[in-house]
Amino acid sequence: MSGIFWKILRGISRGDELDLSCNSNEYYGILYKSIGRTLECVLTSCCLKLKENINIIGKDPLNNETQEYIFSFPNIHYFRGNKNGEFTIIMRRGSDLVKFIFQLDTHNMHTEASLSYNVTLTLRSLCNIYYQLPVKFYQYNEDLININNRRSKLKESKFQNKSEEEWKLISDNCICELASSLDLRDTIFSIKETSDKGNILFTNIVGDSILFLPKLTEKTIEFYGSDLVGERKRFKIFLTTEETDEVNSFTKELFDCIDQKNPDEKRRCTLDTSINDRNNNEIDYDMDLCETYDPSIDGFTWQKDEIMENEECFDKDYDYKHSKGRLSLDHKYMLVGRENTFVGRADRKSGKSEISVFRNIDDNSSYKTSRSSIINVSTISDINYNNFSLLPVNGQLHNCEKQMLFLSETDPNYVYQMDLENEKIIRRWDADGLPISSIGTCNKDAQSTPIPTFLGLSNNALFVMDSRIKDSSNRFTSKLYKSNVLFNSIATDIEGHILIGNDIGELRLFDGTVNRDGEFKKAKTLLNTYGSPIISVDVTRNGHWILATTKTCLDLYPVKEADSIDDRTGFTISLKNKPPAKKLRIKQEDLYIYGIDEVSFTPARFDQPLGTDRETKIITSTGFFVIVWDFEAIKRGDLNAYTIKQVDRRVEDCSTYIGKSDTVVLAYPEDIAIHKLNRKNKRTNILRK
């Protein structure tokens, strides 16, 4: 779930007498223990059974003995599936957080939907129901796949009520419920019949895959969600109560939940008020504004792409993974260097992996600007070390971009170093027995310099590693926590200040200095997004702004107090007042217009300026759409200052060239492409300190 719901591993029992047979209501798969970007297999040939708890029975891969993991439902912190048939489970064991991944053997939409639905039903039964209103429940009849037709219709009649003939009445006698966890950090939105059976017609966690559309009338709420077989549908409810106060209270509470506010600071608003307009009270923080910025002049738009202009409607459900008659690989990371872009792909089941190399510059050492000019100059296949196959994840460039460091997805114990000139792995290191969850650079520009050190994370530790050390272990300068806090992502500014995110939505800001014992000093500032697990983090070069990506929202924080001296930020001092996040979302109107029925953001990043230039953009994507926010406009309070571009394939990752922020680099399932942004004027180098 998207907030704090503690989870307990009740116990592990062993014995060959356990029954591994499964019926049609149970689920087969593999259970992994997750350590950041890496996974450790703990059970094979699993059967997940939903009883009073979540019971997962399988074989220990080390000794082939039967084991059973029992997860207590009343203490669930997070349970969520994705379209790859993987379900994330975060639980608490004592004072530790532990994260598991259950991967279904068969990638089947109906099986995934069944498991998600049954778990959500059980979680709902453990929540406190605090709103119940009588409603009529409808499903839209239109086939929602034809996006182009929908867009052309909206140009003629935007957000008008559909005729009753376009809606199928599911039930005219049901109840809409909002049920909350005990800690008020999660809300389940459900619709059930009022008959004696009380069948659940729809249930989903607010803020996850359910997307609410603009309010059409005072009593009508439309939304996208998954039906009981996992298909994305458009629904609406009509509130039949005549009590205006009840309707207003219900809609206010619903939008509070969508906004993912700190439960202690929830504010009320109506459905026709934009979420984003309520987050601009950060008067105590330095917005780091550019005085010469003029939105009417310095805004930007996408350059027209002749290929996309002439393309017909594409198929959103096309299976790229099995296209061209062969097994493709899952995207793991993209690294944009000065001369080359590297894309890592791997498939856990087959054990196959590759790193594709694309040339960024032409023969004149200028960045390529044509979509057709991106050439795959090399592909490093079947990556291995001492004949042991590796699945690269969490890569980063190192030593003037001559080397690449990465982890292997199924082995959290080592960092591998590859020489990019001969495309061979030259060594590996461990971290004195600590499993490694993620790695990062020591400062913003470190990949382009000969700096030998780099940062590492474990579930409960931050440490430095040094590529000059030839021994197998080279961890030093650590910060260890007594309990697991599930660190999963790291970023630094130009001064080496460190930002760390974790799987429960927390952000820690370190100054990067050490104490007398040679250990990192404790974090100066702790912030909480009160949302889903953090996917990635980023920092501006000067350390004045930090960015966290979650599944459906980007959380942007100013961390320099307005009255601070000597350029002090939340990295170097403990902030007197925690800055509220500027939550960046796609407007409900645009979700509707573009046919985006589910949001799942890829890692969001600032653009990559050089020297004293300022960041001007925030880039991310979801599905077939690339979204670029105008960072300077956001600083001035316009959180809807973004532009959307629809492309012809699913976008796996996106960034910009280094020092050329008007060129957006997109990683597709099998190649990469670039798209240009045009400014409304020809001024250059205006956004400087």
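Trainee: D493 is buried or exposed, and which side chain of opposite charge is nearest?

Mentor: Good place to start, and keep in mind that this is a predicted model. D493 is buried, yet it has no salt bridge. A salt bridge needs a side-chain nitrogen of Lys or Arg within 4 Å of a carboxyl oxygen, and K444, the nearest side chain of opposite charge, is 8.5 Å away.

Trainee: Where does D493 sit, and what does its side chain reach?

Mentor: Look at the loop between β31 (487-492) and β32 (498-502), where D493 has its place. Its side chain reaches the backbone nitrogen of E495 at 3.0 Å. A polar atom of the D493 side chain also lies 3.0 Å from the backbone nitrogen of G496.

Trainee: Now to sheets. In what order do the strands β35, β36, β37 and β38 come?

Mentor: The general idea is that strands of a sheet pair through backbone hydrogen bonds, either parallel or antiparallel. Here, four strands form an open sheet in the order β35-β36-β37-β38, with antiparallel pairing. β35 (536-539) and β38 (582-584) are the edge strands, each pairing on one side only. On average, neighbouring strands of this sheet are turned by 20° against each other, direction ignored.

Trainee: How many bridges join β35 to β36?

Mentor: Four bridges join β35 to β36 (residues 545-549). To find your bearings there, see S536, which stands opposite T549 in β36.

Trainee: And helix α3: how far does it reach, and which residues are buried?

Mentor: Compare its span with the expected one. Helix α3 (residues 244-258) reaches 21 Å from its first C-alpha to its last, close to the 21 Å expected for its 15 residues. Its buried residues include V247, F250, L254, F255 and I258, and the charged E253 and D256 are also buried.

How values were computed. Residues numbered from 1 in each chain as written. Predicted model: local features only at pLDDT ≥ 70, side-chain atom pairs only at ≥ 80, totals over all residues. Heavy atoms only, no water. Helix = DSSP H or I, 4+ residues; strand = E, 2+ residues; numbered from the N terminus. Expected span 1.5 Å × (residues − 1). Buried < 20%, exposed > 50% of the residue type's maximum accessible area, 1.4 Å probe, protein only. Pairing = 2+ DSSP bridges. Axes fitted to C-alpha atoms, helices over the stretch in contact; angles between N-to-C directions. Polar contact = N/O pair within 3.5 Å; in protein donor to acceptor, adjacent residues only side chain to side chain.
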